[in-house]
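Open the model in your viewer and keep the sequence panel beside it. The stops below go from the whole chain to single residues.

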Amino acid sequence: MAAELIDGKKLAAETRAQIAAAVAALKAEKGVTPGLAVILVGDNPASVSYVTAKEKACVAAGMNSREIRLGADVAESDLLAEIARLNADPAIHGILVQLPLPKGFDEKKVIDAIAPEKDVDGFTPVNVGKMLIGEECFLPCTPHGIIKLIEVTGMKLAGKHAVVIGRSNIVGKPVAALLSRKSVNATVTLCHTGTPDVGAFTRQADVVVVAAGRPNTLTGDMLKPGAVVIDVGVNRVPDATNPKGYRLCGDADFASCSIVASAITPVPGGVGPMTITMLLWNTLEAARRAAK
Ligand code: NAP
């Protein structure tokens with residue numbers, strides 16, 4: 001039987017409607033409108049489109065969005081000064097620096113400059129550390145969205161075996177950390193390029209999260225029948241039949257995985273819409289905390 005599609009667009013729309021209602025209530029009760037500042041350095045086309053999507057979503061939820069565009073040749077000290085100004089600006093509750101930064105910037109130093117209470121991406125060491133020890137923090141957006149997508153399938157994660165493929169700081173590692181929290185209680189295996197036989201692990205998994213950045217990292221023969229698959233990958237593959245000359249695909253081979261899995265996220269339309277939604281969620285939460 002074909003797997004059920006986990007509709008990230010639908011879940012995102014429902015969650016964004018809840019966020020918009022909460023934004024309206026915060027305005028009415030406390031006179032506070034959540035404000036998100038997005039800093040874009042350079043003009044990488046993918047980054048420009050991500051930033052545009054984030055701003056649109058922000059405005060649609062009733063939040064204020066401020067875009068700061070800096071040339072790729074901006075001095076790092078000027079970028080840090082801009083972040084310091086936003087850290088001190090009471091109208092701004094969330095600050096996001098679109099990554100990757102152009103070559104030559106010290107990304108770690110730039111992210112570290114964001115005040116943890118405005119770090120709505122959840123990337124600063126303070127928020128990462130708090131997430132690991134289970135303290136209140138901003139959860140990183142893509143991993144948080146992934147947990148919501150698994151929950152919407154109805155799967156109870158407690159006691160289940162989850163295999164995460166990929167150990168990046170923005171997806172794989174935090175997903176593994178969130179899944180293994182006591183409140184979620186999955187048993188987690190983290191695979192990477194040093195794992196000799198990834199399939200030996202995924203064939204035992206009730207849920208597989210694949211975030212490798214490579215098409216066909218996960219195929220149907222690597223799955224246990226009925227597993228849930230969350231495909232995080234966004235890859236451009238050449239496609240002469242598409243006017244753009246390429247099409248998007250995930251890290252899972254959709255055709256073979258969807259025959260074996262019970263549920264699977266599509267690419268596009270799965271994880272992506274939830275990433276932006278959780279950014280709005282964190283920005284709302286930052287504004288609520290500031291309004292207390
Ligand atoms: P990344 O930093 O390149 O990390 C990829 C990870 O996958 C690495 O840990 C790597 O292992 C591992 N890996 C690569 N090939 C593998 C293989 N064949 N078997 C096992 N492990 C393998 O990537 P990322 O930033 O986590 O992103 C992953 C994908 O998700 C990308 O396609 C990205 O565009 C997408 N993404 C989507 C969203 C969204 O909102 N939709 C958000 C973030 C990322 P090593 O550590 O050993 O090198």
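**Whole chain**

With 292 residues, a compact globule would have a radius of gyration near 19 Å, and the protein chain agrees with its 19 Å; the radius is taken over C-alpha atoms, and the globule rule is 2.2 Å times the number of residues to the power 0.38. This is a predicted model, in which local features need pLDDT of at least 70 and side-chain atom pairs count only at pLDDT 80 or more, while totals for chains, interfaces and linings use all residues. Residues are numbered from 1 along each chain as its sequence is written, and side-chain values use heavy atoms, with hydrogens and water left out.

Show the C-alpha trace: along the principal axes, its atoms fill a box of roughly 50 × 40 × 35 Å. Switch to cartoon for 10 helices and 11 strands. These are DSSP runs numbered from the N terminus, with helices being H or I of at least four residues and strands E of at least two.

Of the 292 residues, 49% count as buried, meaning under 20% relative accessible area, with exposed being over 50% and partly exposed in between (1.4 Å probe, protein chains only).

Colour by charge next. There are 31 positive and 29 negative side chains in the protein chain, and the centres of the two sets lie 3 Å apart. Lys and Arg count as positive and Asp and Glu as negative, without His and the chain ends; each charge is placed at NZ of Lys, CZ of Arg, CG of Asp or CD of Glu.

Among contacts (heavy atoms within 4.5 Å) between residues at least 6 apart in sequence, 68% join residues at least 24 apart.

**Strand β3 and L70**

Select residues 64-70, which form strand β3 and include L70. Is L70 buried or exposed? L70 counts as buried, at 18% relative accessibility. Leaving out residues up to four places away in sequence, L70 touches I39, L40, V41, G42 and L79.

**Cysteines**

How many disulfides are there? The count is zero, where a disulfide is a pair of cysteine sulfur atoms within 2.5 Å. Select C58, which is buried with a relative accessible area of 0%. The closest cysteine sulfur to that of C58 is in C141, and at 12 Å it is too far for a bond. Then go to C249, which is in no disulfide, the nearest cysteine sulfur being that of C257, 12 Å away. C249 is also buried, with a relative accessible area of 14%.

**Backbone details in loops**

Two cis peptide bonds come next.

- L99 and P100 are joined by a cis peptide bond with omega of about 0 degrees; P100 lies in the loop between β4 (94-97) and α4 (107-112).
- V267 and P268 are also joined by a cis peptide bond, with omega of about 0 degrees; P268 is in the loop between β11 (263-264) and α10 (271-291).

Finish with two asparagines.

- N185 is not a glycine but has a positive phi of about 70 degrees. N185 sits in the loop between α7 (172-179) and β6 (187-191) and is partly exposed at 38% relative accessible area.
- N216, likewise not a glycine, has a positive phi of about 65 degrees. Its loop runs between β7 (207-210) and β8 (228-231), and N216 is partly exposed at 48%.
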